[in-house]
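Try each task before you read its solution.

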Amino acid sequence: MADTAARREDTFPKLLARNAALRGDRAAMRHKHLGIWQTWTWKEVDGIVRAYAHGLLQLGLRRGETIAIVGSNRPKLYWSMLAAQCIGAIPVPVYADAVAEEMAYVLEHAQVKLAAVEVQEQVDKILSISDRLPALEGLLYDEERGLRDYDHARLHAIDGIVEDGRKALAPVPAARAALDAAIAEGKGADVSIILYTSGTTGRSKGVVLSAERSIAAAADTVVFDRLDETDEVLAYLPLAWVGDHYLNFAQGLVAGFCMSCPESPETVQQDLREIGPTFYFAPPRVYESLLTRVMIRMEDAGLLKRKMFHAFIDVAKRYGEKILNGESVPLSGRLLYALGELLVYGPLKNVLGFSRIRVGYTAGEAIGPELFSFYRSLGLNLKQLYGQTEAFLYVTAQPDGQIRADTVGPLAPNVEVKITEAGEVLFKSPGMFLGYFRDEERTAETMTSDGWVKTGDAGFFETGTGHLKIIDRAKDVGRLATGALFPPKYVENKLKFFPNVKEVVAFGDGRDFVTCFVNIDITAVGNWAERNNVSYGSYQELAAHPQVYEMIASHVEEVNRSLAAEPMMGGAQIKRFLILHKELDADDGELTRTQKVRRGFIAERYLPLIDALYDGATEADISTEVTFEDGRKGVISARVKIRDCRTWPVSAETGATEKAA
Amino acid sequence: MRAPGDGRQGIMAGDVLLAVEGVSLAFGGVKAITDVSFDIRKGEIRAIIGPNGAGKTSMLNVINGFYHPQQGRITFKGEARKRMRPYVAASQGIARTFQNVALFKGMSTLDNIMAGRTLKMNKGFFWQCLRYGPAMREEIEHRKFVEEIIDFLEIQAIRKTPVGKLPYGLQKRVELGRALAMEPELLLLDEPMAGMNLEEKADMSRFILEVSAQYGTTIALIEHDMGVVMDLSDRVVVLEYGRKIADGTPAEVSADQSVIDAYLGVPH
Amino acid sequence: MDILYKILIDPFVQMGAAPDLLVQTVWEGLVSGVLYALIALGFVLIFKASGVFNFAQGIMVVFAGLTLVGLHEMGLPAPIALLVTLGVMFFIAVAVERVVLRPLVNQPDIILFMATFGITYLLIGFGELIFGGNPKRMITEELYLPSGAIEWKAFGGFVQFQKIDVAAAVIAALMIAVLAFFFQKTRIGRALRAVADSHKAALSVGISLNQIWVIVWFTAGIVALVTGIMWGARSDVSFALQVIALKALPVLILGGFTSVPGAIVGGLIIGIGEKIGEFYWGPLVGGGIESWLAYFIALGFLLFRPQGLFGEKIIERI
């Protein structure tokens, strides 16, 4: 069994050495540079990492100390993690697009001694906060550009460190033996990495993960999805996020597959096509924007192409999922589907870079059922999982053959879950964390004395199937003044499944009825505007357009109808809504770095608008401070219109109508 | 990227690279430039500013040989000339971008920037047709150079896109890339930030400063955004109605009363 | 009803009844189509690079053929004559650039168009002066071009291929392939595309327009020479040939003035369309369709797709 083999190597550096010995000439990592894919084999990576580790020792990094990793997905940054782990130091990856304040907090809290960064921008950012980081002794960078005239006393090129390490290591057997000893000294119980959660509420928390638990979890899912050294992934999600670290880094080292790094964040789509990953993860919004782009392109395509596309997409809707699930399908359906694969699905998957995907996952948000089945009907084995940084990802996952849009699947291997009386989901898992770094208070809040971890999510197991359903954050599930249940996210998601709607924030806890803010999707609505000769100069103008209001109102009423069909949720129908004059933005603190809505902050910031939603006004004025990407601040103000919506009588019985939503 | 123009002509940083002396240009009876003199020193960023119709673009067109002045002379790298063809200006090391972007719209970003290497390619026609031997090696070498520019300007994602399909801000960036591919000694930028949003402007400023700092390229630019001019340039020459009204550091120029009257104080 | 039957049904019945004749007709159309395509190609090359509609392209074909035959008559061996003719075409290219294009740069298109009229009459006069006005026989054998015919038994009859036609098709295809390669893959090709795209930008990166014009006119000259040889081998080399230049017009309208693939496809469509029209529908109006059908098709295109099959969409910004 693969997992017993993996268990013997209880740290990532040991896994690296095993891969170098076992499959030394296979590709371990790729990165596109100057238009060409550069490849490193396991043996090469092992050599580089060892040299790098020795270089870090020479820089004074010691066992148990921390090193920050900041930047996009670059081989040298992943090597920084491994090199640090070789000598028992702890990598702390940080979101590269974090604003200086956020970054300062994490680096200070983690007491980092070194920071490995990608480019000048991050060097500048860290230097600007260095007075808050007394422990910081040096910065390592990947790309030299723009840094030539900097003071290099505390600034080192990663290439240089690796080179120094190599030179120091080569002629001195004792040094090599010392490094071997350092790697061997690493125990599974040691801290492997600290992942800071982006913090939907309050300060980021440093999730401490141990090497043996990380590897145990990854070994389970490698078996679960039958991953091996022939698989390929593209590491394009933030490397500070648990998903990237787990799915690509940890699983890659355990299974021995190759991880590719995109040329730049903007080229991911092309890189996907060129690499053709076999294992792929994306949050629902990525699938959504891909679909929107495909649909827009099809609208602009020639008549024949468009007709063919829609005809075969209909075929796929009818038979695709059944074929994927191995259900019985008439021969004519199979033939039509095969033709569709040849003419439409195959080329489409090729354009999206999905041709070789064997296992695809989505998680993080609820995914629209239509969206989910669209991809599955094309033959893409898209599944859902539910996970947390604290679990080192997997809590539940859908095995092949048990895939549904409305659940997150049964328990992942070796995971236990219990649901509290209040409905909160608790778990114990192979990869679960040791605690929050330097934060016993919040560790105690999250981990019960008997070792259960609170997820903060409300959910329930579906009777009969054992699939878990997540409704919302436990603390967010509120009640209207009437006593009716108000799960904001549940309502929001229903509305967000419309392509024209990008983001929704619903209010209603303790109020008489439910209202919401809407962000329109500028791509979809902009395209609609173009086709209908609606002219607009900005997001703000388009958002305020009466026809756009009309369109969103019809979506809201659709949602109300579907809510009315569910006895528990019928009270949560949306009575009034408005379309915000600006897009919610992480730079303004309205979204988290993982693009989740920060409800409390928004409620505070847009208080006048919420008041207007409840006092019956038909419009309201708002002005807000915004931060431009270069850090400058400005104010935008607007008069926002408010619309009333039709609601429906709540049906006592659920029926077939529920499906229609 | 190699350093373009490393002063082979014996011109050191700080020396005058290009001098404009008493240049006048007229179209029919309309005077576009009247008796303007100024110089551009090796390694500096020189801004040419002025209200609309002040003759700034005409001045650039004179420098790179699109227009031929009726009077005055231009000295480039110590060599005086009265008229010049754009082709010759390019081969002597003057590259430029245009106010309204002049790209090869049907060609990809890569081909556009490769076109900037035209003058640097000299392997024979025969070898090129065979795509063999020295010509192939040359092509690879130039491609590498161009890829470095693409990396520098962060336009990898649009490498293969026909530039006609790109948004304006990116077209401007590609045009800068094409000019850089010529490894110019003097880079003329005609309103490099026109029509850009704040973020694009910040990016473009960064690129201009990096080109100047890293490769020592001498840059002359026309720009409307006064903030940008003050941040970027070492010296500024101010034109109004085709005449020079001021010349000096950004601080000097912005304190100059005639400039304030003509330009800064007047909203346009 | 009878007339409708004759137009809509009968020709197709005939096609089905005698497929060998249909294949023969298509083949003949294909061969003349190839030659139309070559002439159109000459137009497109020059139009793309300098924006000039070169009225002289037709006479260049004649002049090239005439020079070749004339030189041979003067006693030069055929291969040498071929080389010298190439030299002459190069000289013409240089002369046109020096005497016509360079002085007229930045003038309105119509002026340049008129100038190509001038070139036309100059070449006619010059040709007559040196080589005389009588039709000449193309030196086919001397250039090692095959003659005779291949017969292919098929479709219950036989189809006849003139070897010279096969050679023409092969040579034309080869030349188009070489040109395509030259345009796409070489530095000069890139420069040519650059000039075609924007003169201003091309100048600013140091591409010499003058040099490009010479190359383009010389390339058009080579295309003209090949066309002259092939066409001359089928009939004779005479000044009457220059009217085939007019046949290039509908081809260009069909294919688009700026598209090389358009010139090729347009040429083939016109060539095949003409022959089929003449053979199957011609008898209905007493023949002669061949001489006007091409223009008729072009007219249709002008009404519905003025940019041609492959041309760039013409969007005037106002």
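**Exercise 1.** Which residues of H4(A) are buried?

Solution. This is a predicted model. Start with the cut-off: a residue is buried if 20 or more other C-beta atoms lie within 10 Å of its own. Now go along the helix. A:Pro75, A:Lys76, A:Leu77, A:Tyr78, A:Trp79 and A:Ser80 are among the buried residues. A:Met81, A:Leu82, A:Ala83, A:Ala84, A:Gln85 and A:Cys86 are buried too. The tally is 12 of 12 residues, and H4(A) is mostly covered.

**Exercise 2.** Check the span of helix H4 (residues 75-86) of chain A.

Solution. Take 1.5 Å times one less than the number of residues. Just after H4(A), A:Gly88 has a positive phi of about 80 degrees.

**Exercise 3.** How many bridges join E8(A) to strand E9 of chain A?

Solution. Five bridges join E8(A) (residues 191-196) to E9(A) (residues 206-210), and the two strands run antiparallel. One pair to find is A:Tyr196 opposite A:Gly206. In E8(A), five of the six residues are buried.

**Exercise 4.** What is the strand order in the open sheet of five strands?

Solution. The order is E23-E24-E25-E27-E26 in chain A, with mixed pairing. E23 and E26 are the edge strands, each pairing on one side only. From one strand to the next, the twist averages 30 degrees. Look at E23(A) and E24(A): six bridges join them, antiparallel. There, A:Val504 has A:Val518 as its bridge partner. Finally, helix H20 (residues 546-564) of chain A lies across E23, E24, E25 and E27, at about 150 degrees to E25(A).

Notes. Residues numbered from 1 in each chain as written. Chains lettered and ligands numbered in written order. Predicted model: local features only at pLDDT ≥ 70, side-chain atom pairs only at ≥ 80, totals over all residues. Helix = DSSP H or I, 4+ residues; strand = E, 2+ residues; numbered from the N terminus. Pairing = 2+ DSSP bridges. Axes fitted to C-alpha atoms, helices over the stretch in contact; angles between N-to-C directions. Contact = placed C-beta atoms within 7 Å.
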